[in-house]
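I opened this entry to record what I looked up in one protein model. The notes follow the order in which I checked things.

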Amino acid sequence: MHIIARRAAVGFGSPVLSSLCTSRLTGSRRLFTMAELSPEQVVFNKPKVELHVHLDGAIRVQTILDVAKRRGIRLQADTAEAMTRNIILEEPATLTSFLGKFAEYMHVVAGDREAIKRIAYEFVEDKAKEGVIYVEVRYSPHFLANAKVDPIPWDQEEGDLTPDEVVHLVNEGLGEGERAFNIKARSILCCMRHMPSWSMDIVELCKKYRHEGVVAIDLAGDESLNCEANPEHRSAYEEAVRSGVHRTVHAGEVGPASAVKEAVEVLKAERVGHGYRTLEDQALYKKLLDQNMHFEVCPISSKLTGACDPDFSKHPVVTFRKDKANYSLNTDDPLIFNSNLHLDYNMAYKYMGFTEEEFKRLNIRSAESCFLPEKEKKELLHKLYEAYGMIQRTAF
């Protein structure tokens, strides 16, 4: 199936974003100003690596509208501007309220083969425009299926699209995007904290598609409701370890430092999604620093989900930077935050003391911590060193 490349309908110049930028809140809960969001302020216009972004949180608004029209699905809004207002978080909230935003649109794309392949393809195009040369995008295949999944998500009627075929479609879309836009894209399959019965399916899909673009397993969901990993999650991760499947875990975003400890010591995570609360346990933090553990940091996300202090100058990544920790900068769910990767870099530059040298360092650390096979990882690192004008032996 040929997929037509389409431009995103909502971006830096959109009426929605302009309205959002000019509104203000009192104190430290204020929103971003237009100056902060200016597209001219690209502070790091060099190749980048992104390791923590959700496919279902990075869909184009226009694509949602197009698919809804084709499928005859009625939405509360029929324009990109109005739909964006329904989806985005306009001020710091809770992780639970953030996750509720997916219900605004996931029923539109779930269960539809053409839509799933399209969003994967368009995702790669959007990342290429942000200067990303390697990305690992994650998603739950069960949330996009309508067959062989219990319960069927988003109040869909039972159909014939299984989680297995979802993975195949996403792989096809990412592959076509890679060839069209000359970047490399791989995927991570998510277990969900509140759906432990899906987890063994996820690890089996990781094993089945490990040579077709799937590079790791993840555990995502609302830590505030399901902090400790269910035994079924643990069994899935034990199988991942036995099978050589790479592992990352959302932990320490809103959950306690103990969730990070469990992720690393019990689930054997090789990377930690977010991990901000690690700083509440200094002994654990020092241990992870010594282990060169990678933290997948998402600045704008952490502000709007209430995971961190809304004052960016107090963000945990400031400590990570000072301690020369191993971390990446990522968008998480740019659709819901009405953002892109340039904006996360802008915030790090304007409020967290980041320099071009630190941006280079964190991207090299990101490449070193990615889940590519060693040969491809070395090729990626070479591209970064070459683009940054650095000698590969450079020490940080």
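**Entry 1: the chain as a whole**

I am working with a predicted model. I looked up the confidence before anything else. The protein chain has an average pLDDT of 88, and 88% of its residues score at least 70. I noted one stretch to treat separately: over residues 1–37 the pLDDT stays under 50. For that stretch the model has 78 contacts beyond four places in sequence.

I then took the overall figures. The protein chain holds 17 helices and 8 strands. Of its 396 residues, 59% are buried. I also looked at how far apart in sequence the contacting residues are. Among contacts with a separation of 6 or more, 73% are between residues 24 or more positions apart.

**Entry 2: Glu296**

Is Glu296 buried or exposed? I found a relative accessibility of 0% for Glu296, so it counts as buried, the cut-off being under 20%. Glu296 sits in strand 7, which covers residues 294–297.

Next I asked which side chain Glu296 joins in a polar contact. The partner is His52, and the distance between the two side chains in this contact is 2.7 Å. I also listed the residues that Glu296 touches, leaving out those up to four places away in sequence. Among them are Leu51, Arg138, Thr248, Arg271, His274, Tyr276, Ser328 and Asn330, along with His52.

**Entry 3: backbone exceptions**

Most residues other than glycine have a negative phi, and most peptide bonds are trans. I looked for places that depart from this.

The peptide bond from Asp150 to Pro151 is cis, and its omega is near 0 degrees. Pro151 is in the loop between strand 2 (132–139) and helix 7 (163–181).

Asp155 is also in the loop between strand 2 and helix 7. Its phi is positive, near 60 degrees, and Asp155 is not a glycine. I found 79% relative accessibility for Asp155, so it counts as exposed.

Asp332 is another non-glycine residue with a positive phi, here about 70 degrees. I placed Asp332 in the loop between strand 8 (326–329) and helix 14 (334–337). Asp332 has a relative accessible area of 2% and is therefore buried.

Two packed helices are described by the angle between their axes and the distance between the axes. I took down both values for two pairs.

How do helix 16 (residues 356–369) and helix 17 (residues 374–388) pack, in angle and axis distance? The angle is about 170 degrees and the axes are 9 Å apart. Angles over 145 degrees count as roughly antiparallel, so helix 16 and helix 17 are roughly antiparallel to each other. The crossing of helix 16 past helix 17 is right-handed. On the helix 16 side I listed Lys360, Asn363, Ile364, Ala367 and Glu368, which meet Lys377, Leu380, Leu381, Leu384, Tyr385 and Tyr388 of helix 17.

Helix 15 (residues 341–351) packs on helix 16 at an angle of about 135 degrees, with 11 Å between the axes. I therefore recorded helix 15 and helix 16 as oblique to each other. Helix 15 passes helix 16 in a crossing that is right-handed. Tyr345, Ala348 and Tyr349 of helix 15 make the contact with Phe359, Leu362 and Asn363 of helix 16.

Technical notes: Residues are numbered from 1 along each chain as its sequence is written. This is a predicted model: local features need pLDDT of at least 70, side-chain atom pairs count only at pLDDT 80 or more; totals for chains, interfaces and linings use all residues. Side-chain values use heavy atoms; hydrogens and water are left out. pLDDT is the predictor's confidence in each residue, from 0 to 100. Contact means heavy atoms within 4.5 Å. Helices (H or I, at least four residues) and strands (E, at least two) are DSSP runs, numbered from the N terminus. Buried means under 20% relative accessible area, exposed over 50%, partly exposed in between (1.4 Å probe, protein chains only). A polar contact is a pair of N or O atoms within 3.5 Å; within protein, one must be able to donate a hydrogen and the other to accept it, and residues adjacent in sequence count only if both atoms are side-chain atoms. Axes are lines fitted to C-alpha atoms, for helices over the stretch in contact, and angles run from 0 to 180 degrees between N-to-C directions. Angles under 35 degrees count as roughly parallel, over 145 as roughly antiparallel, 65 to 115 as roughly perpendicular and the rest as oblique. A crossing is left-handed if the near helix is turned anticlockwise from the far one by less than a right angle, and right-handed if clockwise.
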